[in-house]
Amino acid sequence: MTGMPLLSLAIWVPIVGGLLVLATGSDRNAPMARSMALLTSVIGFLVTIPLYTGFDNSTSAMQFVELVRWIPAFNVHYYLGVDGLSVLFVLLNSFVTVLVVVAGWEVIKTKVAQYMAAFLIMSGLLNGIFSSLDGLLFYVFFEASLIPLYLIIGVWGGANRVYAAFKFFLYTLAGSLLMLVALIYLFMQSGSFSILDWHELPIAMGAQNLLFWAFLIAFAVKVPMWPVHTWLPDAHVEAPTGGSVVLAAIALKLGAYGFLRFTLPIVPDAAQAMAPMMIVLSLIAVVYIGFVALVQADMKKLVAYSSIAHMGFVTLGFFIFNPLGVEGALVQMISHGFVSGAMFLCIGVLYDRMHSRQIADYGGVVNTMPKFAAFFMLFAMANAGLPGTSGFVGEFMVVLGAVQYSFWVAFAAATTLILGAAYTLWMYKRVVFGAIGNDKVAKLEDINGREFAFLAVLAICTLIMGIYPLPVTEVMHASVNELLQHVATSKL
């Protein structure tokens with residue numbers, strides 16, 4: 001370990017800050033809890049910026065490595081590091097945490113300290129997932145991140161919050177238990193919990209297939225892939241706005257990241273053998289779930305289903321095994337963090353005023369909220385993949401990569417550009433355009449300074465990444481090329 005332990009700071013600043021916020025206690029101290037949470041989240045983001053500015057794009061090696069003995073008897077280490085596949089997600093997570101704290105500033109009235117603390121602690125745990133290079137450490141962070149999100153949905157959610165939280169917890173816990181079995185098997189074979197050691201481990205094809213399925217079940221639930229996606233719409237609908245933002249922007253990325261860090265490099269032969277199945281499942285998510293989104297009456301449910309379709313693009317990009325596909329999938333993950341987070345924040349702005357997510361309850365919002373309507377339009381267009389927005393870049397790269405794999409796979413994937421425009425813009429038209437729908441809409445007030453600030457920041461990110469994606473793509477080149485070269489080299 002050399003220099004300042006930036007990854008440890010990225011993990012433990014939010015967690016320790018969250019515990020201090022929690023210690024402020026009752027709602028009498030809510031202003032102090034909010035201020036401490038904002039300060040902690042900003043510091044947590046600032047310590048991640050040197051990870052990007054000091055990152056060496058020319059190498060695929062792990063950087064900012066920290067290695068400390070943890071459980072010597074089992075050769076377990078506190079082992080952290082990031083490469084081009086993971087560094088951007090640490091920044092994205094810390095950035096989104098700041099927005100979530102600001103978004104919940106005036107909205108959350110009860111148990112304020114507990115609400116803010118849950119997001120801060122979860123932010124630290126998620127950074128731990130993205131930077132862990134020890135399998136057991138990864139698993140600890142992976143499972144621990146369930147707890148704050150479970151509480152966020154179960155305590156501050158909607159009418160059916162307990163059902164949604166329980167379903168979310170059971171789905172993800174059941175999937176990850178198989179991953180634990182796979183990690184123990186890899187330890188028995190290698191004598192180490194180092195993920196990088198596992199990448200070099202020769203594994204027989206039969207064992208690779210079993211490991212592939214263990215990882216698939218754990219990560220497919222998190223993505224979520226069809227058909228294990230049913231927990232996500234329920235969780236999104238019942239979660240408070242901040243919970244939906246973190247769930248869409250960060251938590252869904254954990255499964256996709258797991259494929260890159262575990263499935264592809266550890267069991268490459270099984271991954272290539274199972275690629276046709278993964279491509280079919282991804283295309284079902286893209287096409288079928290797109291049609292499901294088209295018939296939704298609830299705005300949150302519609303955006304939740306659109307997230308499943310967009311993440312189908314990500315898994316498709318991974319399993320066509322070419323640089324354009326994998327890099328496009330990574331760009332799509334970052335873009336989805338901005339765009340889906342912004343969409344849920346926009347829906348939250350409306351819900352705070354009208355206490356309804358039903359599309360039918362709106363109409364003519366542009367007449368009373370013109371600034372909001374402009375932001376909502378930009379994010380709706382980005383969600384549909386409009387060129388010039390971040391939503392287009394990743395999808396276009398994956399489609400180009402899919403053309404190299406198979407024209408018909410690319411053709412099926414490209415239908416999302418039509419379906420995405422259909423369900424997103426139809427929702428926008430019914431909510432925003434037309435005559436004022438009812439008296440409640442007529443009394444709506446446009447966004448305030450706080451809401452303008454977090455929507456403007458996300459709008460800038462969406463446009464910059466759409467117009468000039470190079471700062472994002474250049475970080476991942478070396479690591480993606482190394483990963484694909486590793487996958488192409490059989491271990492048998």
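Mentor: The sulfur of Cys 346 has its closest cysteine sulfur in Cys 461, 14 Å away, which is too far for a bond. A disulfide here means a pair of cysteine sulfur atoms within 2.5 Å, and a search of the whole structure finds zero of them.

Trainee: Is Cys 346 buried or exposed?

Mentor: Cys 346 counts as buried, at 0% relative accessibility. Buried means under 20% relative accessible area, exposed means over 50%, and partly exposed is what lies in between, using a 1.4 Å probe and protein chains only.

Trainee: Before we go on, what sort of model is this?

Mentor: This is a predicted model, in which local features need pLDDT of at least 70 and side-chain atom pairs count only at pLDDT 80 or more, while totals for chains, interfaces and linings use all residues. Residues are numbered from 1 along each chain as its sequence is written, and side-chain values use heavy atoms, with hydrogens and water left out.

Trainee: Okay, salt bridges then: how many are there?

Mentor: The count comes to four salt bridges, the rule being a side-chain nitrogen of Lys or Arg within 4 Å of a carboxyl oxygen of Asp or Glu. One of them joins the side chains of Arg 357 and Asp 298, at 3.4 Å from N to O. Arg 357 sits in the loop between α15 (323–354) and α16 (365–368) and Asp 298 in the loop between α13 (268–294) and α14 (299–318), so this pair ties together parts that are 59 residues apart in sequence. Helices here are DSSP runs of H or I with at least four residues, and strands are E runs of at least two, numbered from the N terminus.

Trainee: And which residue does Arg 353 form a salt bridge with?

Mentor: Arg 353 pairs with Glu 451, their closest N and O atoms being 2.8 Å apart. That pair links distant parts of the chain, with Arg 353 in helix α15 and Glu 451 in helix α21 (residues 449–467), 98 residues apart.

Trainee: How accessible are Arg 353 and Glu 451?

Mentor: Arg 353 is partly exposed, at 25% relative accessibility, whereas Glu 451 is buried, with a relative accessible area of 4%.

Trainee: What else does Glu 451 form a salt bridge with?

Mentor: Glu 451 also forms a salt bridge with Arg 450, where the closest N and O atoms are 4.0 Å apart, and both of these residues are buried.
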